[in-house]
Amino acid sequence: MNADKNFLVGVFNDEVVLLDGIKKVRTSGLKIHEVFSPFPVHGIDDALGLKRSRLPRAAFLFGLTGTTLALTMQIWMLGYDWPMIIGGKNYASLPPFIPVTFELTVLLSALGMVATFLIVSDMKPYKWPRQFDIRSTDDKHVMAIDLALNSGKSKDEIARILREAGASEVNEKNFE
Amino acid sequence: MQVFSSVRDPLVTGGKTVGDVSHDISRHVENKPPRSWWLALAISLVVLAYGLYCVCTVLWNGIGVWGLNKTVGWAWDITNFVWWVGIGHAGTLISAILLLFRQKWRMSINRAAEAMTIFAVICAATFPLIHMGRLWLGFYWALPLPNAFGSLWANFNSPLLWDVFAISTYFTVSLVFWYIGLIPDFATIRDRAVAQGSMLRAQIYNAMSFGWQGGAKTWMRYEAVALILAGLSTPLVLSVHTIVSMDFATSVIPGWHTTIFPPYFVAGAIFSGFAMVLTLLLITRVVFKLEDYITIYHIELMNIIIIVTGSVVGIAYITELFISWYSGVEYEGYAFYNRVQGPYAWSYWSMMTCNVISPQLFWIKKIRTSIVATFVLSIVVNIGMWFERFVIIVTSLHRDYVPSSWTYFHPTKYDIGEYLFTFGLFFTAFLLFAKFFPVINMAEVKSIVKTDSEKVSH
C-alpha cells in the first residue's frame, strides 16, 4: 500500500472533544496525517506536537532588508549621487529619512512574510486542494489517518480508536 | 487545564451554532441580492458617473476649474484627502489594535471595517493624484525613479513624499491583512458551492482562497502571520496620520505650525473612522439581517470609543486655542481669532458643535444604545470632521500676511463633483464587497459562538 493515498477520516463535532481526541489517538500509537478545522483551535499545536512557526523570524529578516534598502537608497540619492542643501541641513541628514525608512521596513516585512507563508503552506490560486471532507470548512473538525503509515493496525481497529476518541463518523477516503 | 469564565455576555446572540454562521453569512454571496441593494448600487453608479465627468473635466482643463485662487491654494482637494484617510483608520484600529488587545468583539465587525479602510484610502489617493494635474508625469515627482531631469531624485526631506510612502504602504499592508483574513472564508464558500453543485462558483472562490484546506499546521502559521501583521499595522496606522499631519505641521503657516498635530490628527482619524463604520454597519446589519452578529453591544462599544476620541479631539481644539494666545505670537493668535470670529466662523462653530458637543451625548446610555440616535450622530460626526480639516486648511490660508490678498474661497461644481466622485466610488465598491465577499469574518466568529460556560460542560 502506497503512502498518502488511502485514509480513514474521523469527523468531530466539537473542538473540545477534538483536542481530547487528538491526545487519545496519539497515545494509542496512531500517526495523525493532519487535522482540518473550520476555525483556529487553540491548543491544537501542542496536542499535535507541532513546532512553533518560524515565520516571525522571516518577517524580521524581511523587515531588516527594508530598513537597509531604504537607508541606503536615501543616503546614496541625496547624499552622494546628487547632493543638495535642503533647509540648511547636512546632505545626508538622518531624521528626515526616518519616515520612509519606517514605511519600507513595514512594507517589506509584511509582503515578505505573507509570501513566505503562501509558499511554505503550498497555497496558490490554481491549486484544487485534496478534500478529506468538505464540511471541514463549515462546522466539522476532520482528522485524517494515513492507512499506509499505520500499517501496524487494521482498518477496523483504527476506526474503533477514532470512535472512542470522540469521532461522530468515520469514513474512508481514497485518492488516486 | 483551562479555566473559563462566564462573566461576559455572548458576543453572538440568537443561540447560533457554528453551522449557522456559515449559512447566515455565505447565503448573501449565494443568493440574489435584495432590491434595496440594487437601488443603492444604482444611486452610487449615478453619483460615480457624474463625479467621473467632473474628474475628466479637471484632467482635461487643469485644476484651474476648481475654486482655488492665489491665496487659497489648497482647499477641498486636500480637505477631502485628509478626511478619507482618517476614515480609513478605524478599520486598522479594529483589526490590528483590538487584536493585540484581545478584544473579541472586533471579530464580527473587522471584515467590513477593513474593507472600508481600503476603499477609503483609494478615495483619498485620488485627490493628490488629480491635484498633480498631469498625473501621468506624477511617477517621476512622487517616486524615486531614474529620470531625464539630470538625475535629480525625489526630495526625501519633504513630508509630501513621506505621504506617498506612508499611504501606499498603508494601502498595501491593509489590503494584504484583509485578504489573508478572507482566505478561509472563501474556502467555506467554495465548499458550500461544491455541495450545492455550483462548480463555476466553486472554481472562482477556490482561486480566491488559494486552495485553502484549513489544516492545523496552516492555521498555526496563519495565526502567526495575522499577529505579526497586526503588530506591523499598529505603528503603521499611527505613522500614516502623523505623516499626513506633518504636511501641515512642518510648514510655517500660522494655524498649521503646531506640534500637537500628530496625536490630534490620529485621534480625529479614529473618531471619524468609527463614525463611518457605524454608518455603514447599521445599514448592512439591517439589509443583510445580521442583527445577531452585530449587536447593540457592539454598537455601544464603538460609541464609547467615539466618546474617548471625540473628547481627545475636543481637548486638542481647546489646547490649540489656548497656546495661540499663550505663545504671544501675533500671527498665531490672529489665525485663531480669525477662525472663531472671522468670515469662516460658521465653519469653526459647525466643527465645534459636531465634534466636541455631539459625541458627549453618548455618555447617556439610552442614546449610545439607540440605533437611530447612533446613526444620526455618526453622520453628524463625519460632517464635523470634514469641517475640522476645512477649518484648518482654508481659514489658515485665506487671510494672508498682506491684507490686500485676503480672499474668500468658493467651491465650483468641479470641487463638489470630485468629492461626489469619491462617494460614488466608495459606495459602489462597498456594495460590491457586501454582495460578493463574506461581510463578517466567519472563521473568527465561529471560534466565539459558544459562550465559555458552555465549553466547560463538555
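This is a predicted model: local features need pLDDT of at least 70, side-chain atom pairs count only at pLDDT 80 or more; totals for chains, interfaces and linings use all residues.
**View 1. Overall form of chain A.** Chain A contains 5 helices and 4 strands. Read from the N terminus, its elements follow the order β-α-β-α-α-α-β-α-β. Along the principal axes, the C-alpha trace of chain A spans about 80 × 35 × 30 Å. The radius of gyration of chain A is 25 Å, whereas a compact globule of 176 residues would have a value near 16 Å.

**View 2. The two domains of chain A.** The domain assignment divides chain A into domain 1 and domain 2. Domain 1 is made of two segments, 6–52 and 130–174, while domain 2 covers 55–120. The centres of domain 1 and domain 2 of chain A, taken over C-alpha atoms, are separated by 45 Å.

**View 3. The side of chain A that touches chain B.** In this pairing, 56 residues of chain A are in contact with 55 residues of chain B. The elements of chain A that give two or more residues to this side are α1 (15–27), β2 (34–36), α2 (44–48), α3 (55–81) and α4 (98–120). Helix α4(A) provides the largest share, with 15 residues. By class, the residues on the side of chain A that touches chain B comprise 39 nonpolar, 8 polar and 9 charged.

**View 4. Overall form of chain B.** Chain B has 17 helices and 0 strands. Its C-alpha atoms fill a box of roughly 80 × 55 × 45 Å along the principal axes. For 458 residues, a compact globule would have a radius of gyration near 23 Å, and the 23 Å of chain B agrees with this.

**View 5. Helices α3 and α4 of chain B.** The axes of helix α3(B), residues 76–100, and helix α4(B) come within 7 Å and cross at roughly 155°. Angles over 145 degrees count as roughly antiparallel, and α3(B) and α4(B) are therefore roughly antiparallel to each other. Their crossing is left-handed. The contact of α3(B) with α4(B) includes 15 nonpolar, 8 polar and 2 charged residues.

**View 6. Helices α3 and α9 of chain B.** Helix α3(B) packs against helix α9(B) at an angle of about 80°, with the two axes 6 Å apart. This angle makes α3(B) roughly perpendicular to α9(B). On the α3(B) side, the contact is made by B:G86, B:I87, B:G88, B:H89, B:A90, B:G91 and B:L93. On the α9(B) side, it is made by B:G268, B:A269, B:I270, B:S272, B:G273, B:F274, B:M276 and B:V277. The residues in the contact of α3(B) with α9(B) are divided by class into 8 nonpolar, 7 polar and no charged.

**View 7. Helices α4 and α9 of chain B.** Helix α4(B), residues 110–131, and helix α9(B), residues 261–287, pack with their axes 10 Å apart and at an angle of about 125°. The two helices are therefore oblique to each other. The crossing of α4(B) and α9(B) is right-handed. Helix α4(B) contributes B:A112, B:A113 and B:M116 to the contact, and helix α9(B) contributes B:M276, B:V277, B:L280, B:L281 and B:T284. The contact of α4(B) with α9(B) comprises 7 nonpolar residues, 1 polar residue and no charged residues. Residues B:M276 and B:V277 of α9(B) take part in this contact and also in the contact with α3(B).

Terms used
Residues are numbered from 1 along each chain as its sequence is written. Chains are lettered from A and ligands numbered from 1 in the order in which they are written. Domain bounds come from an automatic or database domain assignment. Axes are lines fitted to C-alpha atoms, for helices over the stretch in contact, and angles run from 0 to 180 degrees between N-to-C directions. Angles under 35 degrees count as roughly parallel, over 145 as roughly antiparallel, 65 to 115 as roughly perpendicular and the rest as oblique. A crossing is left-handed if the near helix is turned anticlockwise from the far one by less than a right angle, and right-handed if clockwise. Two residues are in contact if their C-beta atoms, placed from the backbone, lie within 7 Å. Ala, Val, Leu, Ile, Met, Phe, Trp, Tyr, Cys and Pro count as nonpolar, Asp, Glu, Lys and Arg as charged, and the others, Gly among them, as polar. The radius of gyration is taken over C-alpha atoms; the globule rule is 2.2 Å times the number of residues to the power 0.38.
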